[in-house]
Amino acid sequence: MAETYDLLAIGAGPAGCAAAITAAAAGAAVCLIDRAAPPRQRPGETLHPGTVLLLERLGIGAAVADGRFVRVPGIAIVTEAGCRFEAYGADDGGPWCGVQVPGATLDALLHRRAAALGVDVHMDEAAVRPLVASRRVIGARIGSGSIRARLVVDGTGSRHWLARHLSLPIRRLSPPLIAQYGYAHANDGTACPVPLFEADAGGWTWSAQVTDRLLHWTRLNLHEGPPSLRWRPRRWRRLPPAGPIRRANVTWRQCADVAGSGYFLCGDAAAVMDPAASHGVLKALMSGMLAGHLAAAICRQPAYEVQAQADFTAWMNDRAHADTQAMRKLYADFRHPPQWLAPA
Ligand SMILES: Cc1cc2nc3c(=O)[nH]c(=O)nc-3n(C[C@H](O)[C@H](O)[C@H](O)COP(=O)(O)OP(=O)(O)OC[C@H]3O[C@@H](n4cnc5c(N)ncnc54)[C@H](O)[C@@H]3O)c2cc1C
């Protein structure tokens, strides 16, 4: 492959797909690559109602709203002080609902939409290193050659592929946090009608119904390392596990230079919060859509690039600040807040 595109989106998760779809819908020539062959099982099934609106804008709203998926009007929150239901909100049309969509299903809908808009989608194709000329990112080297593009979106997720290759600073905003998560078969009719967030002295546990047969849980210890790899929520210990128990590095962190000459960092590649934020997919879609929109505008008017970088950076910094404040507030309200919260 040695073509030149307007945009190369690396990583076909929510962020990279949103960038590719938005830019292609605006007329850009786009290539989307991912190192993994689908289906990719990943956590992140609880989609905030705002996510549903974005998926409509991306052209897959009907597929997500067709009744196949579990819809949820809010989250049950259990703390040592009691239990409450937090609704997402409501308007004249009724309560706002989030939706539970398996990660592989969402990925497949996004990939299909991108391909329908003319995006060249190449799965099982890893970006090995960025191509850089005169300090500008101009594409990526892949196993079978290279792909050149006027702009590159890094949507590779929490390993920060482009930031690491360009040695961009990554600020850590929390001590190391390792989430542990897994799935269980709900064949016996066990149900979790709304997602459940349970805080306790050691951290929190998240439980949710992904489909009528599949349950998801995540555990995060806030004061010490992760529990043993055999740990599972007590109430689901008797259920057959679906797949292995896994861990993810969810240390709060943020890249300083989320836009630069020839590139934008989107989704987890730009900033990571632990899953208690509960809107990582929303953020990935929003930042991807913004980057895709700006990339198409830069292709039409190259002189706009510097301003576009500044606009994108300001928006991402505002979001990261708001997220950090919201998470600090969430944990400060715990009966046993983590000590590392103390200095602002
Ligand atoms: C345990 C856990 C539970 C979570 N639960 C929720 C939830 O309920 N709701 C929610 O909204 N969010 C949740 N999140 C967060 C959410 O999963 C992420 O924020 C979201 O997936 C980020 O999307 P992304 O597109 O930035 O990255 P990713 O979804 O990680 O996609 C990155 C893609 O890039 C590809 N890639 C990586 N490197 C390369 C390379 N070199 N070349 C080519 N491709 C590459 C990967 O294969 C992958 O497909 C959770 C996270 C965790 C860890």
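**Helix pair**

The crossing of helix 1 and helix 4 is left-handed. The model is a predicted one. To see this pair, select residues 14–25 for helix 1 and residues 103–116 for helix 4. Their axes come within 9 Å and cross at roughly 20°. Angles under 35 degrees count as roughly parallel, so helix 1 is roughly parallel to helix 4.

Next, show side chains where the two helices meet. On helix 1, pick Pro14, Cys17 and Ile21. On helix 4, the residues they meet are Asp107, Leu110, His111, Arg113 and Ala114. Colour this contact by residue class: the residues divide into 5 nonpolar, 1 polar and 2 charged.

Now hide the helices and turn to the strands. In what order do the 7 strands of the open sheet lie? The order is 6-5-16-17-18-15-19, and the pairing is mixed. Select residues 82–87 for strand 6 and 246–249 for strand 19; these two stand at the edges. Each has a single partner strand, so one side of each is left without a neighbour in the sheet. From one strand to the next, the twist averages 20°.

How values were computed:
Residues numbered from 1 in each chain as written. Predicted model: local features only at pLDDT ≥ 70, side-chain atom pairs only at ≥ 80, totals over all residues. Heavy atoms only, no water. Pairing = 2+ DSSP bridges. Helix = DSSP H or I, 4+ residues; strand = E, 2+ residues; numbered from the N terminus. Axes fitted to C-alpha atoms, helices over the stretch in contact; angles between N-to-C directions. Parallel < 35°, antiparallel > 145°, perpendicular 65-115°, else oblique. Left-handed = near helix turned anticlockwise from the far one by under 90°. Contact = heavy atoms within 4.5 Å. Nonpolar A, V, L, I, M, F, W, Y, C, P; charged D, E, K, R; others polar.
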